[in-house]
Amino acid sequence: MIEIENLVKTYETGQTRTEVLKGISFRVGKGEYAALMGASGTGKSTLLNILGGLDKPTSGRYLLDGEDMVNVNDDTLSRLRNRKIGFVFQQFHLLDRANVHRNVLLPFLYADGYPADARERAERAVAAVGLADRISYRPSQLSGGQQQRVAIARALVGDPALLLADEPTGNLDARNGAEVLAIFQRLNREGRTIVLVTHDAAVAEHAGRVLVMRDGRIVEDRKVTQPRDAEAELRAIPVTP
Amino acid sequence: MRFLRVLALSCSLLAAHKLRTLLSVLGVAVGVAAVLLMVSVGRGAEERLLARIRAMGTNLLVVNAAPARIVAGRARQSEIATTLFPADAQAIVDHCRWIVRSAPAVSRPYLTTRESRTWKTTVVGLPEEGLRIRNLAVRSGRAFDAEDDRVRRRVAILGPTVAGNLFGREDPVGQSFLVGRVPFEVVGVTIPRGVDANGTDQDDAVIIPLETAMRRLFNVTSIQTILLEAASLEALGAAEAEVRGLLRERRRGHREDFTVQNQALLLAAQREASRSMKRLIGSVAGVALLVGGVGILAVMLIGVRERTREIGLRRALGARRRDVLVQFLSEALLLAGGGGVLGVLAGAAAGAAVSALGLADTRLSWPAGAFGFGFALAVGLVFGIYPAARAARLEPVRALRAD
């Protein structure tokens, strides 16, 4: 699914040249749930941007679902983002002046062809994250956890090859965070490929594999033998009034 | 299709910012309304002017019995010539192909008296044909006819100004008054014609039959003026040349002691004056519209700044630079177009109100409305491009991280 080879990213500001990614290689198979972990300043965000097709590496190779994500122009990359990647951000990034349904429909606006059943698909995606009864609410009328679930519905509505989550629990309390992680685990069980970026080891342990970054390199790549079960954790957290 | 869907979303986003959207739409609307109102007033004024010139007579040529000099832009008669006669008028209509009517005319200032009231006015002697050339119609009573002229009856048609000054609110028809010391009977009062292009009150005149004027009042054999009606407005130039040629021939060997004035030239001069006025007014209104455009610029720039993260999100979801550009541009056009529609309606309403209140004559012109609307769109495009391009240039990664 993800094939990355010897990825290098350098920034040049005036005379100084900063190498943020120093030759990264890894693969993520179809149906895998991988967590990318690292403290801030390790190049984690840069790698995430490249994975998401929001930025291009200085050199190296990156294939996503067989598509070259490096040697393409801006328009093609935009199309690939639309077709291949579903983003979930820490800040949710919902349009506050549009309702839940319209927010979830947003990716279709930029699809190659607007599907005839777009509205139904959006409704199904909203139902899949358990918000069918809130479909005509505005994001500001929802809790943080609900907002993040709307964002997940939006990420999934176009049925992308990769779900890319950037600190999805960073702005949520324990209970809402666990809810989101439970949804990810369920999606993964249904065969969805997920890459989750986090600085929090406890969050990363929910994935089946953890990649640890330090100083622009991947320093650790291990299977999680016993991933944490978000469902069970959710049950253990008392519902606070 | 994609464009329409993005636009539909833009509409709802703009609708969410009611006040700001309204203000920028209003800015453009005021500009467009101002343009439309000014053009309407300008056209109204022009039409009134044309009507006034038409009231002088249709396709009019005037021969004056003396060389005229142009002083301060107006023709001034500086000498008195006694070399123009009714026979000249007859010869013109007999020999000039382009002239359909001709009438000799005399005029002189006189003191008119009725009981204790006196009024200084101009007495004009005209044959019946002259009334037709000058488009003189009566409001009450009757006009005089060829028989009145032939037997030199002392009958008079009064301009409304004279009628008012001599008779007050009384009906003058059938009453008598004095021109100098000669008694006349009022047979009619003309329809008010207002002031002419030179500011002369056209209603301040007593009109009597030509023969009566020449033989019983002025005691002259020569005339001062010949009024001529050409076949058409286009023929005025040809007619003028024809008339000049004929009169020169009849004065073989003498110097040219007459002038010919052409209504078409007067018309053209007046039109030119009103046109430059219209241009001035139009450009003032255009500035108002530009100010509205600056409003759009400000609103769009604020929008781009405020919606940076939205732009980043849209890019992440697959929007190309072009999509973002088109979106912001069409939002600007939407604001401008809304302002345009509102402005056209407001301008039309304001024009109707100005007319109804009697402040000025207005003539609504749909081409001007379409122009105002088009100009509003152009303003939206011009002032929308920069913010839209700025939005499209944003790097998605940076845009997403903006505060």
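Leaving aside neighbours within four places in sequence, Glu128(B) is in contact with Phe144(B), Asp145(B), Ala146(B) and Asp149(B), where contact means that the C-beta atoms of two residues, placed from the backbone, lie within 7 Å. This is a predicted model, in which local features need pLDDT of at least 70 and side-chain atom pairs count only at pLDDT 80 or more, while totals for chains, interfaces and linings use all residues. Residues are numbered from 1 along each chain as its sequence is written, and chains are lettered from A and ligands numbered from 1 in the order in which they are written.

Glu128(B) belongs to helix H4 of chain B, residues 128-133; helices are DSSP runs of H or I with at least four residues, numbered from the N terminus. Because Glu128(B) has 17 C-beta neighbours inside 10 Å, it counts as partly exposed, a class between buried (20 or more other C-beta atoms within 10 Å of its own) and exposed (12 or fewer), with C-beta atoms placed from the backbone.

Another helix of chain B is H1, residues 2-16, whose buried residues are Val6(B), Leu13(B) and Leu14(B). These cover an arc of only 95° around the axis, so they lie on the same side of H1(B), the arc being that of the directions from the helix axis to the C-beta atoms. On the other side of H1(B), Leu4(B), Ala8(B) and Ala15(B) are exposed. The buried residues of H1(B) pack against H3 of chain A, together with helix H2 (18-55) and helix H11 (321-356) of chain B.

The contact between the chains takes 22 residues from chain A and 22 residues from chain B. On the side of chain A that touches chain B, H2(A) gives the most, with six residues.

Key
Helices (H or I, at least four residues) and strands (E, at least two) are DSSP runs, numbered from the N terminus. The expected span of a helix is 1.5 Å times one less than its number of residues.
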